[in-house]
Amino acid sequence: MKILVTGGAGFIGSNFVYYMLDKHPNYDIVCLDALTYAGNLKTLDGALKNPKFKFVKGDIADRELVFDLFEKEEFDIVVNFAAESHVDRSIEDPGIFLKTNILGTQTLMDASRKYNVKRYHQVSTDEVYGDLPLDRPDLFFTEETPIHTSSPYSASKASADLLVQAYHRTFGLPITISRCSNNYGPYHFPEKLIPLMIANALNNKKLPVYGEGLNVRDWLYVEDHCKAIDMIIHDGKVGEVYNIGGHNEKTNIYIVRKILELLGKSEDLITYVTDRKGHDLRYAIDPTKIKNDLGWEPDTMFDDGIVKTVNWYLENKSWWEEIISGEYQDYYEKMYSNR
Ligand code: NAD
Ligand code: TYD
């Protein structure tokens, strides 16, 4: 079995590469990644030593490169993680989100059609469902919840999902789609809530909480997401959407306080800043379908996962310190200096 993993130098993609090399040592894994600001080849150091793993630098929207790669490698399965993934960046500059997330997906599916890939899996997000009200804890996103997006990021991911479903219906492309809640764990880029707060706390910098910190996210340990995708590409039904989440809803301020507690730092570091434009209130996944159809359940509960994650950032300081010492500084200045 040969699998193309796009975006494998990013957070979830790299965790998936390691998960698959470990779980299926006889599979060949090829990673295609453009190494944007979010991609880091160092993250794949361990995989690059494995003869079953190969890295190719390139853009998923580059038709010539993608078609050449598919012709040469004859992939059985494609798992598309490659994306622009940060909501705040999509508010600043939506264009690249449309190019990578929509046109990149189209390019990969065109190549998958031409070279008869047996499964094209699209890694999507619960953000395509929009948000839920804070005062209705009885409501959850199911696979039937209408698409209803808020940010340029979620709109681009939803557009891609619609295109993936159209390629299935129109061309018979054997697709599956997964929509997961917020992930956390090793190799998470420090512009996102959890790693940003860990890095700032360790550097005794202010922890910028948007609005009142009462927005709710449904957090899943990244390895449980990888396990779910592995199950879907092997046993999922072609044409289907699967929601992935572990019923672990927390307010942002709860997460920030928990990180400070684990690091033994003062809550005085918290600073409330101007809210995100169009800020989604609450995400909450109903994972009944993947549980009943594929037997998936999360293995890591939040109280363990957050300790593992904080420890990983403590033990791998060089990984994130190198990131935040580079162009990230300009990003941080731009996003947070006058907020
Ligand atoms: P990330 O930003 O950490 O990584 C994205 C990777 O894609 C990077 O390695 C980057 O270099 C690569 N990339 C970007 N543009 C590319 C292009 N044009 N061609 C090739 N490679 C390109 O993102 P992540 O958090 O790991 O998310 C991975 C996927 O999972 C995304 O599709 C995202 O929408 C989805 N998702 C993320 C979460 C989450 O909580 N992070 C939750 C649900 C779904
Ligand atoms: P984020 O990690 O960007 O994920 P997403 O927006 O895709 O859910 O943000 C998670 C939540 O944390 C979101 O409600 C916005 C909030 N947040 C802050 O309060 N401060 C920050 O500096 C960041 C990056 C996020």
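Okay, let me start with the lining of the largest cavity: Val87, Glu127, Ser150, Ser151, Arg217, Arg276, Lys277, Gly278, His279, Asp280 and Tyr283. Keep in mind that this is a predicted model. If you sort that lining by class, you get 2 nonpolar, 4 polar and 5 charged residues. The volume of this largest cavity is about 50 Å³. And how many cavities of 30 Å³ or more are there? The count comes to 1. The general idea behind the search is that a probe the size of a water molecule, rolled over the atoms, shows where empty space is left.

Now over to ligand 2. There are 19 residues around ligand 2, and the ones that come nearest are Glu127, Arg217, Arg276, His279 and Tyr336. By class, the shell around ligand 2 splits into 9 nonpolar, 5 polar and 5 charged residues.

Let's look at side-chain distances, taking N or O atoms on the protein side. The side chain of Arg276 has such an atom 2.5 Å from an oxygen of ligand 2. For Tyr336, the distance from a side-chain N or O atom to a ligand 2 oxygen is 2.7 Å. Asn252 gives 2.8 Å, again between an N or O atom of the side chain and an oxygen atom of ligand 2. How much of the ligand does the protein cover? On its own, ligand 2 has 510 Å² of accessible area, and the protein covers 97% of that. Which elements give two or more residues to the shell? Those are helix 7, residues 193–202, and strand 8, residues 207–210.

Asn204 sits in the loop between them. Its phi is positive, about 55°, although Asn204 is not a glycine. Is Asn204 buried or exposed? The relative accessibility of Asn204 is 52%, and the cut-off for exposed is over 50%, so Asn204 counts as exposed.

Then there's Asn116, another non-glycine residue with a positive phi, this one near 55°. You'll find Asn116 in the loop that runs between helix 5 (95–114) and strand 5 (119–125). Asn116 has a relative accessibility of 63%, so it counts as exposed too.

That's my tour, over to you for questions.

Note on methods: Residues numbered from 1 in each chain as written. Chains lettered and ligands numbered in written order. Predicted model: local features only at pLDDT ≥ 70, side-chain atom pairs only at ≥ 80, totals over all residues. Heavy atoms only, no water. Near = heavy atom within 4 Å. Polar contact = N/O pair within 3.5 Å; in protein donor to acceptor, adjacent residues only side chain to side chain. Areas by Shrake-Rupley, 256 points an atom, 1.4 Å probe, with all protein chains shown as cover. Helix = DSSP H or I, 4+ residues; strand = E, 2+ residues; numbered from the N terminus. Nonpolar A, V, L, I, M, F, W, Y, C, P; charged D, E, K, R; others polar. Buried < 20%, exposed > 50% of the residue type's maximum accessible area, 1.4 Å probe, protein only. 1 Å grid on protein atoms, 1.4 Å probe; cavity = no way out; pocket = protein on both sides within 12 Å on 5 of 7 lines; lining within 4 Å. Points joined across faces, edges and corners; volume = space filled by probe spheres on them.
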